[in-house]
Amino acid sequence: MNKKLAKIRVQIDRLDRHVVRLLNARLKCARQIGELKRGAQTRIYVAEREADVLRRVTTANQGPLKPAALQSIYREIMSAALALEKPLCVAYLGPEATNTHAAALRKFGSSVEYRPMATLADIFTAVEKNEADYGVVPVENSTEGSVRDSLDLFVETPLKIVAELHQEIEHTLLSRAPLAKIKKIYSKDQALAQCRRWLQRNLPHAQLVDVDSTALGVQLAAKEKAAAAIAPRLAGERYGVPVVATQIQDLKNNTSRFVFLGREASGSAGSGHDKTSLLVSLHHEPGALLHALQPFSRRKLNLTRIESRPSRLRPWDYIFFLDVTGHYEDPVMQAALKELGRKCPLVKWLGSYPVAKR
């Protein structure tokens, strides 16, 4: 047995050396691409190229490596390539170990710089002022719906959505006190809402305190004897707060959608499987919403999401957020938007980007 193990290990060592050579050869190519991009002053991160690479390597995979594992490996490879092309800074809702931080790591890997921000508004501001190259914000959750603060910030910003990501959210109760002695629970409003039924059953008399992020809640709970926080397990490990209960979210398939913000839109070519986000206002007249949707319906463009928010300009005045399957530059989309522009006082393109796999 020892001889067989030794023989296999020799083969693994030889393969490892070959893999390292190939990785370095790939990264040298990436560095050359970075030099060309910097010279032409074009975008370093290209979401449609990332989607194409992941699609190709997944198609080429014949196992036994699972597709999800292969994609995780390639995300780190592409993260290292991005760092060689140009040092990137990504702003996220801090402190460390929030769900937003986890989403940023999944998208950009561990080789870029991450900058925690205190609020969602700070993320938008950091990217707008060129203090960060990209930002990541949550926009909706499968249990509790839209993240209103994020949507409202899109009204005034010139930033574009360049990518999206769906991430399963598992909530953990963290505290230095046993369950029976917990009197206060800190977390972000969305996390508290996603665990509402569990909290009513298990901690009906606890005070619920909304804070700017789940990780901040853990930091606050760490300082109080009878306090707890709802946050990812990673946040408990990061800030030294023990786990009291796991998987306390009300729905098992609890998923959040995150979008990534940049100063420039994604490429005009698209990935072939794209989504376009729009912000639209309507005239105050009967059938205005129906008329606004007809340009998409007539062209068989799939409207995957529609949501209204107060415009904050006048009482009872609303704007609508739309997600439509297809790319902004597609001729059929351009025709629909041209018609939409004749029907609506405001049509704002928020970005086109590859559709994230659920």
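The protein chain has twelve helices and 15 strands. The model is predicted. Its C-alpha atoms fill a box of roughly 80 × 60 × 35 Å, taken along the principal axes.

Begin with the chain as a whole. It counts 358 residues, and 48% of them are buried. Take the contacts between residues at least 6 apart in sequence: 76% of these join residues at least 24 apart. The exposed surface comes to about 19,000 Å². Carbon and sulfur atoms supply 54% of that surface. As for charge, there are 54 positive and 37 negative side chains. The centres of these two sets lie 7 Å apart.

Now turn to helix 11, which covers residues 288-298. Its buried residues are Ala288, Ala292, Pro295 and Phe296. Seen down the helix axis, these buried residues fall within an arc of 95 degrees, so they line one face of helix 11. The face turned away from this buried side carries the exposed residues Leu290 and Ser297. What do the buried residues of helix 11 pack against? Their partners are strand 12 (274-281), strand 14 (318-325) and helix 12 (331-343). After helix 11 comes Lys300, with a positive phi near 55 degrees.

Leu340 has a relative accessible area of 0%. The cut-off for buried is under 20%, so Leu340 counts as buried. Which residues does Leu340 contact, leaving aside its neighbours within four places in sequence? They are Val280, Ala292, Pro295, Phe296 and Val347. Ala292, Pro295 and Phe296 are among the buried residues of helix 11. Leu340 and Pro295 are 45 residues apart in sequence. In space, their C-alpha atoms are 6.4 Å apart.

Is Ser277 buried or exposed? Ser277 is buried, because its relative accessible area is 3%. The side chain of Ser277 makes a polar contact with the side chain of Asp323, at 2.7 Å. Beyond its neighbours within four places in sequence, Ser277 has a list of contacts that includes Ile161, Arg257, Leu322 and Asp323. Also on that list are Lys348, Trp349, Leu350, Gly351 and Tyr353.

In helix 3 (residues 67-85), look for Gln71. The side chain of Gln71 makes a polar contact with the side chain of Thr58, at 3.0 Å. Not counting residues up to four places away in sequence, Gln71 touches Leu54 and Thr58.

Helix 4 takes in residues 99-108 and is mostly covered. How many of its ten residues are buried? The count is seven. They are Asn99, Thr100, His101, Ala103, Ala104, Lys107 and Phe108. Gly109 follows helix 4 and has a positive phi, near 75 degrees.

Note on methods. Residues numbered from 1 in each chain as written. Predicted model: local features only at pLDDT ≥ 70, side-chain atom pairs only at ≥ 80, totals over all residues. Heavy atoms only, no water. Helix = DSSP H or I, 4+ residues; strand = E, 2+ residues; numbered from the N terminus. Buried < 20%, exposed > 50% of the residue type's maximum accessible area, 1.4 Å probe, protein only. Contact = heavy atoms within 4.5 Å. Areas by Shrake-Rupley, 256 points an atom, 1.4 Å probe, with all protein chains shown as cover. Lys, Arg positive; Asp, Glu negative; His and termini not counted. Charge placed at Lys NZ, Arg CZ, Asp CG, Glu CD. Arc of directions from axis to C-beta. Polar contact = N/O pair within 3.5 Å; in protein donor to acceptor, adjacent residues only side chain to side chain.
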